[in-house]
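Good morning, and thank you for coming. I would like to take you through one structure today, beginning with a term that we shall need throughout.

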Amino acid sequence: MTAPRRDDKLAQLAPERTLRRLELQVTRRLDGLLNGEHLGLLPGPGTELAEARLYQPGEDDVRHMDWAVTARTTTPHVRDLVADHELEAWALVDLTPSMDFGTAGMVKRELAVAALAAVGFLTVRLGDRVGAYLQHPGGLRRWPARTGKAALYALLHAVLDAPTGPGTGPPAAMSGTTATSGAPHGDLAAAITSLARGQTRRGLRVVISDFLPPPGADPATGPDAQPAWESPLRRLAARHQVLAVEVIDPRELDLPDVGLVEMTDPETGAVQEIVLSRRTRERYAQAAAAQRAGTRAALRRCGAHHLVLRTDRDWIADVARFAVRQRRAAGRAVSTAGVRP
């Protein structure tokens with residue numbers, strides 16, 4: 001039921017206009033709350049190697065030619081240099097089928113795009129680079145870190161246009177991405193490990209997911225439970241600043257009193273009829289609360305900042321309140337001008 005709603009919504013709104021309107025909302029209401037304390041880029045080319053790109057005659061220095069890539073592709077490439085004080089923000093975006101669920105104003109995937117945009121727009125405005133790992137059911141794909149709004153728009157479109165449904169994997173030639181290994185079948189723990197191993201330069205790491213266990217895995221509920229992703233996330237947080245964005249829908253917390261319903265597992269596509277009696281709804285609510293408590297406790301043990309976004313709430317206000325709390329906890333001055341309470 002959620003896929004047609006998503007297609008209708010995207011058909012009614014031009015993606016570019018929607019994302020530009022989102023940018024204005026973010027910069028007006030969150031400006032100064034999530035920005036870092038550094039001064040931005042320093043003059044000079046820097047010293048650390050970055051991504052390879054096509055050589056631009058008359059613009060690029062031939063001394064930066066990447067001969068290995070040039071020989072492999074038969075097209076001249078140069079290797080960019082990262083400025084000494086340039087920061088990198090890398091996001092891991094969960095695009096497994098459970099993220100295509102939503103019963104309120106939007107589906108969880110769209111809320112994930114909003115969270116990625118909130119971090120991305122405020123990052124590129126300082127001249128820093130944003131990259132992403134996109135976790136599909138069939139594997140993991142890496143979107144290289146780039147500066148500028150054009151690259152960020154392309155990344156957001158890639159998340160919106162990614163294939164949906166159980167059993168779908170990333171397209172073989174998805175523009176701008178490269179395939180990675182080690183995170184098949186929506187395994188969040190393996191995806192976090194791939195992110196940590198692939199991006200060792202210190203910076204901001206954002207994990208956007210519903211943190212639901214994959215099919216057949218231990219649900220790991222309760223404050224003392226240890227989900228499979230806890231250990232790799234703790235290792236990631238030991239080196240980087242980590243922000244975990246938990247995306248939830250209200251129907252994942254409690255079920256309505258509607259009697260007999262057909263429920264579909266978004267990960268496997270299995271359909272089952274269930275009578276939503278009072279006892280069933282109470283047990284479900286208890287299990288959902290325990291799962292969320294386990295997620296909160298695990299993120300706290302990892303030392304990651306935890307932001308909860310709901311499909312039935314104003315996500316911009318939630319991000320703003322979260323940023324204000326973080327700045328107050330750090331003892332920094334907070335300016336809330338333009339932030340809606």
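By contact, or touching, I mean heavy atoms within 4.5 Å. This is a predicted model, in which local features need pLDDT of at least 70 and side-chain atom pairs count only at pLDDT 80 or more, while totals for chains, interfaces and linings use all residues. Residues are numbered from 1 along each chain as its sequence is written, and side-chain values use heavy atoms, with hydrogens and water left out.

Let me start with Glu252. Not counting residues up to four places away in sequence, Glu252 touches Phe101, Lys108, Leu212, Val247, Tyr284 and Ala288. Glu252 sits in the loop between strand E8 (241–248) and strand E9 (259–264). Helices (H or I, at least four residues) and strands (E, at least two) are DSSP runs, numbered from the N terminus. Is Glu252 buried or exposed? Its relative accessible area is 17%, so Glu252 is buried; buried means under 20% relative accessible area, exposed over 50%, and partly exposed in between, with a 1.4 Å probe and protein chains only.

Now the chain as a whole. The secondary structure comes to 9 helices and 11 strands. Of the 341 residues in the chain, 46% are buried.

I turn to the nonpolar cores. A nonpolar core is a set of buried Ala, Val, Leu, Ile, Met, Phe, Trp, Tyr and Cys residues joined through side-chain atoms within 4.5 Å. The largest has 42 residues, and the members that touch the most others are Val93, Leu155, Ile208, Val245 and Trp315. Helix H4 (residues 108–124) gives the most to this core, with 12 residues. Leu155 touches Leu116, Val130, Ala132, Leu134 and Trp143, not counting residues up to four places away in sequence. A second, separate core has 22 residues, including Leu92, Ala145, Val207 and Leu236. In soluble globular proteins, nonpolar side chains tend to be buried together.

Next, helix packing. The axes of helix H6 (residues 188–198) and helix H7 (residues 230–239) come within 8 Å and cross at roughly 25°. Axes are lines fitted to C-alpha atoms, for helices over the stretch in contact, and angles run from 0 to 180 degrees between N-to-C directions. The contact is made by Ala189, Ile192, Thr193, Leu195 and Ala196 of H6 together with Pro232, Leu233, Arg235 and Leu236 of H7.

H7 also packs with helix H8 (residues 278–302), at an angle of about 35° and with the axes 8 Å apart. Here the contributors are Glu230, Leu233, Arg234 and Ala237 of H7, and Ala298, Leu299, Arg301 and Cys302 of H8.

Three further residues deserve a word. Phe322 lies in helix H9 (residues 315–329) and, at 5% relative accessibility, counts as buried. Not counting residues up to four places away in sequence, Phe322 touches Leu243, His305, His306 and Leu307. Phe322 and His305 are 17 residues apart in sequence and 9.5 Å apart in space, C-alpha to C-alpha.

Thr74 has a positive phi of about 60° although it is not a glycine. Thr74 is found in the loop between helix H3 (67–73) and strand E2 (77–82), and is exposed, with a relative accessible area of 69%. Phe211 likewise has a positive phi, near 55°, in a residue other than glycine. Phe211 lies in the loop between strand E7 (204–209) and H7, and at 3% relative accessibility counts as buried.
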